[in-house]
Amino acid sequence: MIFMVYCILQLGELAETYTVDDALISLGFGNFQTLVLFYSGVAYAAEAMEVMILSFIGSAVQSEWNLSPHEKSLISSVVFAGMLVGAYTWGVVSDNYGRRKGFLFTAIVMSGAGFLSAFAPNYISLVILRFFVGVGLGGGPVLFSWFLEFVPAPSRGSWMVFFSFFWSIGTILEASLAWLVMPTLGWRWLLGLSSLPSFLLLIFYSITPESPRYLCMKGRKSDAMHVLESIARMNQNVLPSGELVSDRKAEAAELEENTNGFQGTHAEQVRKSGSSLIGYLASKFKCIGALYKLLSRKLIRTTLLLWMGFFGNAFTYYGVILLTSGLSDGDENCKPIMLHLKSKEGSNLYKDVFITSMAEVPGLILSAVIVDRIGRKLSVASMMFATFAFLIPLVFHQKEVFTTALLFCARICITGSITTLSIYAPEIYPTSIRSTGYGTANSIGKIGGIISPLVAVGLVDGCHKIAAVLLFEAVIFLTGMAVVFFPVETRGCKLNDSL
C-alpha cells in the first residue's frame with residue numbers, strides 16, 4: 001500500500017514537469033513560428049542567390065578580364081572554400097554563445113562582402129571578397145537549426161521542407177534577375193542587387209528571439225520561459241502546467257565523464273595516451289571540444305556517414321547547376337564529343353538555367369510528400385538513385401530539349417535529396433552540438449562544392465563531358481549507398497539536448 005502511494009506521488013511529480021518539446025507540441029505551429037520562418041527563410045533565399053550567381057558571372061568576368069579557365073573556376077571554388085571555414089566557425093559560435101549571435105555575424109559578413117564585390121577593381125580583390133561572402137554563407141546551418149528548434153516534433157519534417165522552399169525562391173529569383181540584368185547592365189549590377197536581401201536580416205535582427213531549447217540547455221530557464229510565453233501569447237494557446245525541465249544535467253554528467261582523468265598535469269596526460277591529450281584539449285578549447293564530441297564513440301559512425309552524404313549531395317547538386325550552363329555554352333571545338341550541344345546565345349543560357357531552377361519547386365514538393373511517410377533515410381536514398389538514373393542518358397548525344405529535360409528531372413531529385421538530408425542532420429545531433437554538427441557536415445559538403453566547379457567547368461571546357469558525367473554518376477551511387485547505412489531514423493523523434 002505504501003509502495004503504491006509512493007508510485008502515485010512519483011507519477012504526480014513527473015506530470016508536473018515538461019520539456020521544450022512538450023511545450024512546442026502543446027503550443028503548436030502558429031503566428032510566432034510563421035515570423036521565425038519568414039526571417040530565416042529570407043536568409044536562406046539570400047544564401048541561394050549568392051550561390052546561384054556563380055552560374056552567371058564566371059563567363060562575363062572571364063571575358064572582361066581575359067581570365068584562364070582555371071581562374072574562372074576559382075571564382076566559384078573560393079566561395080565554397082569560405083563556406084567551409086564559415087560553416088564550422090559559425091556553428092561553434094552558435095552552440096556556445098547563442099543562435100542569434102551566430103546569424104548576426106553571418107549577415108554582417110555576407111551582406112558587406114557581397115555588396116563590395118560589385119566594386120571589385122581587379123580579379124584578386126574579387127576573389128578575396130567572394131571568399132568572405134562564402135564565410136558569411138557558411139552560417140546557413142545556424143539559421144536552419146534556429147528555425148528547427150521552434151517547430152513541434154510531429155510536423156517538423158513537413159515544415160522544414162517548407163522552409164527549404166525559400167532556397168528555391170532564391171534560386172528562381174536569381175535566375176530571373178540574371179536574365180534581366182546581365183544582358184544590359186552586366187555582372188557588377190547583378191552582384192550588387194543580389195546582396196540586398198542580406199541587409200534585411202540586419203534591419204529586423206533586434207526583434208528575433210533566442211532559441212528556447214538553447215537557453216534551457218544552457219540553464220537559462222527563466223529566459224527560455226519568457227520566449228515560450230511569447231509563443232503562447234502570439235499563438236493564442238497555453239503552456240503545459242508544471243515546471244520546465246531539460247536534460248542539461250545529463251549533459252553535465254556526460255561532460256564530467258568525458259573529462260574525467262584529464263585533471264592532472266599536462267605531462268601526465270601526455271604520458272597516459274594520445275587520446276588523453278585530445279580530451280584535455282577538448283575540455284579547454286570549445287572548437288576542439290565540439291569536434292571531439294562529433295567523433296566520439298557514440299557518434300563517429302553517424303558523423304562519418306553524414307559527411308559522405310553531404311559531400312556527395314553537394315557535389316552533385318552544384319554539378320547539375322554548373323552542367324546546365326556548361327552543356328549549354330559548349331565549345332565548338334568539341335563537336336566529336338557525344339555530349340556536344342551547339343553553342344547558344346547568353347539569353348538562351350539564362351533561359352535554360354531558369355527552367356532547371358524551376359525544378360526546385362517539384363523537388364521540394366516531392367520531399368514534403370515522402371519525408372514524414374517513408375522516413376528520412378529512404379527518402380534520401382531513393383532520390384539519389386533516381387538522380388543517378390536521369391543522368392545516365394547524358395553519356396550519349398541528346399537533343400537540346402531532351403538534355404534540358406533530363407537535367408530538370410535530375411535537379412528535382414537532387415533538390416529533394418539534399419533538402420531531406422538537411423532535415424536529418426540537425427535532428428540526429430543534440431542541442432549542445434546541433435549547429436556545430438550540422439555546420440561541420442555542411443562544411444564537408446562545401447568541399448564537394450569546391451571540387452564540383454573544377455570538375456564541371458574544367459572537364460566540360462576541356463571537351464571531356466562524358467568523363468564529367470561518369471564521375472558524377474560514381475559519386476551519386478556511392479553517396480546513395482552511404483545513406484542506406486545511416487544508423488538511425490529520426491522521423492517523428494523528439495530533439496535531444498544531450499547525447
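Among contacts (heavy atoms within 4.5 Å) between residues at least 6 apart in sequence, 82% join residues at least 24 apart. This is a predicted model, where local features need pLDDT of at least 70, side-chain atom pairs count only at pLDDT 80 or more, and totals for chains, interfaces and linings use all residues. Residues are numbered from 1 along each chain as its sequence is written, and side-chain values use heavy atoms, with hydrogens and water left out.

**The overall picture**

The protein's secondary structure comes to 24 helices and two strands. These are DSSP runs numbered from the N terminus, with helices being H or I of at least four residues and strands E of at least two. Of the 499 residues, 55% count as buried. Here buried means under 20% relative accessible area, exposed means over 50%, and partly exposed is in between, with a 1.4 Å probe and protein chains only.

**Inside the protein**

The largest nonpolar core has 117 residues. Such a core is a set of buried Ala, Val, Leu, Ile, Met, Phe, Trp, Tyr and Cys residues joined through side-chain atoms within 4.5 Å. Helix H3 (residues 31-52) brings the largest share of this core, 13 residues. Ile 57 and Leu 190 are among the residues with the most contacts inside the core. Leaving aside neighbours within four places in sequence, Ile 57 touches Ile 75, Trp 187, Leu 190 and Leu 191. Trp 187, Leu 190 and Leu 191 are among the buried residues of H10, and the buried residues of H10 pack against H3, H4 (54-65), H6, H7 (123-137), H9 (156-181) and H11.

Next, have a look at helix H22 (residues 400-428). Its end C-alpha atoms are 42 Å apart, which agrees with the 42 Å that 29 residues should span; the expected span is 1.5 Å times one less than the number of residues. Since 23 of its 29 residues are buried, H22 is largely enclosed by the rest of the structure.

Gly 363 sits in helix H20 (residues 360-371) and is buried, at 0% relative accessible area. Gly 363 and Gly 416 are 53 residues apart in sequence, yet 4.7 Å apart in space, C-alpha to C-alpha.

**Charged pairs**

The structure holds seven salt bridges, each a side-chain nitrogen of Lys or Arg within 4 Å of a carboxyl oxygen of Asp or Glu. Here are some of them.

| Pair | N to O distance |
|---|---|
| Asp 21 and Arg 213 | 3.0 Å |
| Arg 99 and Glu 149 | 2.6 Å |
| Asp 372 and Arg 376 | 2.7 Å |

Asp 21 lies in helix H2 (residues 20-27) and Arg 213 in helix H12 (residues 212-217), so the pair ties together parts that are 192 residues apart in sequence. Asp 21 and Arg 213 are both buried. Arg 99 is buried at 0% relative accessibility, and Glu 149 is buried at 0% too. Asp 372 is partly exposed at 25%, while Arg 376 is buried at 1%. Asp 372 and Arg 376 also join Glu 427 in a network of salt bridges.

**Out on the surface**

Phe 115, Leu 116, Phe 119, Leu 185, Trp 189, Leu 193 and Leu 196 form a nonpolar surface patch, with about 690 Å² of accessible area together. Patch residues have over 30% relative accessible area and no salt bridge; like charges are joined within 9 Å, and nonpolar side chains (Val, Leu, Ile, Met, Phe, Trp, Tyr) within 5 Å. Areas come from the Shrake-Rupley method with a 1.4 Å probe, and for residues only the protein chains shown count as cover.
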